[in-house]
Amino acid sequence: MHCPYCEHTETEVVETRDNEDLTTTRRRRECIGCGYRFTTHERIEEQPLMVIKSDKTRELFNPAKIEKGLIRAFVKRPFEPSDISKIVADIERDLRDQRVFEIESEDIGRLVMGKLKNVDPVAYIRFVSVYRKFEDAQEFMNEVQQILTPAYRPQTSTQTSANPQ
């Protein structure tokens with residue numbers, strides 16, 4: 001690390017602190033040559049995540065696209081904007097945890113469906129109907145029937161242990 005004041009090539013770290021979300025490390029440094037103190041911020045350089053679209057073109061992963069789709073799915077549904085932000089963050093974390101740098105858009109869609117299915121069945125059906133490009137009412141009805149089966153029960157705050165269904 002070069003001193004910004006005298007350009008000396010040796011500095012020592014005086015203090016180190018991580019920021020609250022642990023994505024950046026703040027380092028207070030002192031130049032060995034002139035004693036000048038300065039601050040640097042260190043961040044992990046992540047390899048960009050590329051999305052392989054259905055037409056085989058590639059583009060940078062854009063979490064805003066997932067957020068936009070979720071907002072459409074949740075129209076007139078009870079939700080908090082923070083709920084959508086959490087889903088988007090969970091999906092991005094899941095993708096990065098796979099440690100691959102290219103992922104097909106269909107796989108991202110499946111991750112979104114998996115998250116929505118447990119959060120809001122109506123939003124899930126809305127998203128699935130667009131994602132799977134339903135061509136007739138029967139496809140739509142098949143998906144609704146799957147949601148209505150006794151085996152499927154999303155976790156909601158209105159369910160109580162005294163009234164399991």
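What follows is a conversation about the words used for this structure and the values behind them.

Modeller: Keep in mind that this is a predicted model. The protein chain has five helices and six strands. Along the sequence the pattern reads β-β-β-β-β-α-α-β-α-α-α.

Colleague: What makes strands S2 and S3 a pair?

Modeller: Count the bridges. Pairing needs at least two bridges between the strands. S2 (residues 24-31) and S3 (residues 37-43) are joined by seven, so they pair. The two strands run antiparallel. Arginine 27 stands opposite threonine 40 in S3. Arginine 28 has threonine 39 in S3 as its bridge partner.

Colleague: What lies between S2 and S3 in their hairpin?

Modeller: Five residues lie between the strands. Glycine 35 in this hairpin takes a positive phi near 85 degrees.

Colleague: Why are S1 and S3 said to stand at the edges?

Modeller: The open sheet has the order S1-S2-S3, with antiparallel pairing. S1 (11-18) and S3 each have a single partner strand, so one side of each lacks a neighbour in the sheet. Neighbouring strands here are turned by 25 degrees against each other on average, direction ignored.

Colleague: What is the strand order in the other sheet, and which kind of pairing does it have?

Modeller: This open sheet of three strands runs S5-S4-S6, and its pairing is mixed. S5 (58-60) and S6 (102-104) are the edge strands, because each has a single partner strand. On average, neighbouring strands of this sheet are turned by 35 degrees against each other, direction ignored.

Colleague: How do you know that S4 and S6 pair?

Modeller: The same test applies: at least two bridges. S4 (residues 50-52) and S6 have three, so they pass. Their sense is parallel. Methionine 50 stands opposite glutamate 102 in S6. Helix H3 (residues 105-117) packs on this sheet and touches S4 and S6. The direction of H3 makes about 70 degrees with that of S6.

Colleague: What makes H1 oblique to H4?

Modeller: The axes of H1 (residues 63-73) and H4 (residues 121-131) come within 8 Å and cross at roughly 120 degrees. The roughly perpendicular range ends at 115, and roughly antiparallel means over 145. The crossing falls between those limits, so H1 is oblique to H4. It is a right-handed crossing. Gly69, Arg72 and Ala73 in H1 meet Ala123, Arg126 and Phe127 in H4. The contact residues divide into three nonpolar, one polar and two charged. Gly counts as polar here.

Colleague: How much of the protein chain is called buried?

Modeller: Of its 165 residues, 25% are buried.

Definitions and conventions
Residues are numbered from 1 along each chain as its sequence is written. This is a predicted model: local features need pLDDT of at least 70, side-chain atom pairs count only at pLDDT 80 or more; totals for chains, interfaces and linings use all residues. Side-chain values use heavy atoms; hydrogens and water are left out. Helices (H or I, at least four residues) and strands (E, at least two) are DSSP runs, numbered from the N terminus. Axes are lines fitted to C-alpha atoms, for helices over the stretch in contact, and angles run from 0 to 180 degrees between N-to-C directions. Contact means heavy atoms within 4.5 Å. Buried means under 20% relative accessible area, exposed over 50%, partly exposed in between (1.4 Å probe, protein chains only). Angles under 35 degrees count as roughly parallel, over 145 as roughly antiparallel, 65 to 115 as roughly perpendicular and the rest as oblique. A crossing is left-handed if the near helix is turned anticlockwise from the far one by less than a right angle, and right-handed if clockwise.
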